[in-house]
Structure formats: C-alpha cells, structure tokens
Amino acid sequence: MLSRSDKEAIVKSLKTDFDNAKAVFLTNLIGVTSNDAVEIRKNVRDMQGKIVVTRNNLFKKAAEGNGASVLFENLKGPHAVAFAFEDVPGVAKCLKTAGSAHEVVELKSGFFDGKELSTAEVKHLADLPSRDEMLGTLLATFIAPVSAFARVMHAIKEQKEAGAAPAPVEA
C-alpha cells in the first residue's frame, strides 16, 4: 500500500510528465510478460517517450488543470499512459506495433495538440511516418535535382571518353 507521501511524489512526477509531453496515449500492459513489457518500454523510450502504470486516481489527479484530464473521466480498470515528449507518431507507432505483437496491448485513446483523440485517430497517427522518416523523405526531395544533374553530367563525360558525339540538345 502506498503512503500519502509516495502518492504525492507520484502525482508530482506525473504532473511534470503531463506538462512536458506533446501527446499522451492511453493503453494497457496487463497480461504482457515482464520481458515483453520491458521491450515495449525500451522501444517507447527510444522514441523519446515514457510509459507509466499506476492507479487511475493518481493519473486523474496529475492531469487536473491539463487538457488531458478528459482521458481519465469514468476510467475503469488497469491502464498505462504513454507520454510522447518528441516524436508523437513514433511513440504511437511503437504502441501499435506492440498491439499487433501482443493481443492484450491496445491503443484506447489519446490527447494531442489540445484535442482528445479517438482510437481511430490514434491509429491513424501511428500510421504516419516517424520524424526520421519524414526528414529522410525531405532530404531526398532536396537532393533529387542535384543528383539527377550529376548523373547527366557523368553520362556526357562517359560519352565523350568513349568517342561518341553527344546527343543534340533542343532549345
């Protein structure tokens, strides 16, 4: 049984997490083996996130004054909360992947950008590419014209070295 000071420390820590998180996801880890739970937590941590399991009342107290408090109204049964501090789609994707690997883990709802998210919206968010994937796509888009120009110049150089006349360019 937790003492009052322990509960206050947990609420204080959770309040800090709620204030610093860009998004909050409601899920569960009940029924998952300890090794699998550690792996899920590690994957979320790699995406600059955090998963916390505690009593619903403590979640509710910590979320008071925060928009995420709507997640904890009329909440029954064991739950876990995943906080996304940086890569919101990445954390959602980790939870969705964990849900597909372990039947008992499910995305229930979330809170992002001042708005409560339904289960369908959270799953749609999880389908978005992660921050790193988006940056890679953006970089490839920026580099494409330069690399195409370099390939054309290299082809012209090879044609001249082979003695073939380059194809005429139409204006």
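Residues are classed as buried under 20% relative accessible area, as exposed over 50% and as partly exposed in between, with a 1.4 Å probe and protein chains only. The structure is a predicted model, in which local features need pLDDT of at least 70 and side-chain atom pairs count only at pLDDT 80 or more, whereas totals for chains, interfaces and linings use all residues. Residues are numbered from 1 along each chain as its sequence is written, and side-chain values use heavy atoms, with hydrogens and water left out.

Asp 113 has a phi near 55° and lies in the loop between β4 (109–112) and β5 (115–117); helices (H or I, at least four residues) and strands (E, at least two) are DSSP runs, numbered from the N terminus. Asp 113 is exposed because its relative accessibility is 67%. Asn 74, likewise not a glycine, has a positive phi near 55°. Asn 74 is placed in the loop between α3 and β3 and is exposed, at a relative accessible area of 72%.

Aromatic rings of Phe, Tyr and Trp (its six-membered ring) were paired if their centres lie within 6.5 Å, with planes under 30 degrees apart counted as stacked, over 60 as edge-to-face and the rest as tilted. By this rule there are 4 aromatic pairs. Phe 18 and Phe 72 form an edge-to-face pair, because their ring centres are 5.8 Å apart and their planes stand at 85°. This pair links distant parts of the chain, with Phe 18 in helix α1 (residues 4–20) and Phe 72 in the loop between α3 (56–63) and β3 (80–84), 54 residues apart. Phe 72 also pairs with Phe 59 in a stacked arrangement, at 5.6 Å centre to centre and 20° between the planes. Phe 59 belongs to helix α3 and is 13 residues from Phe 72. Phe 59 is buried at 0% relative accessibility, and Phe 72 is buried at 1%. One aromatic cluster is formed by Phe 18, Phe 59, Phe 72, Phe 83 and Phe 85.

Helix α2 (residues 34–46) packs with helix α4 (residues 88–101) at an angle of about 160°, their axes being 8 Å apart; axes are lines fitted to C-alpha atoms, for helices over the stretch in contact, and angles run from 0 to 180 degrees between N-to-C directions. The two helices α2 and α4 are therefore roughly antiparallel (over 145 degrees; under 35 is roughly parallel, 65 to 115 roughly perpendicular and the rest oblique). In contact (heavy atoms within 4.5 Å), Ile 40, Asn 43 and Val 44 of α2 meet Val 91, Cys 94, Leu 95 and Ala 98 of α4.
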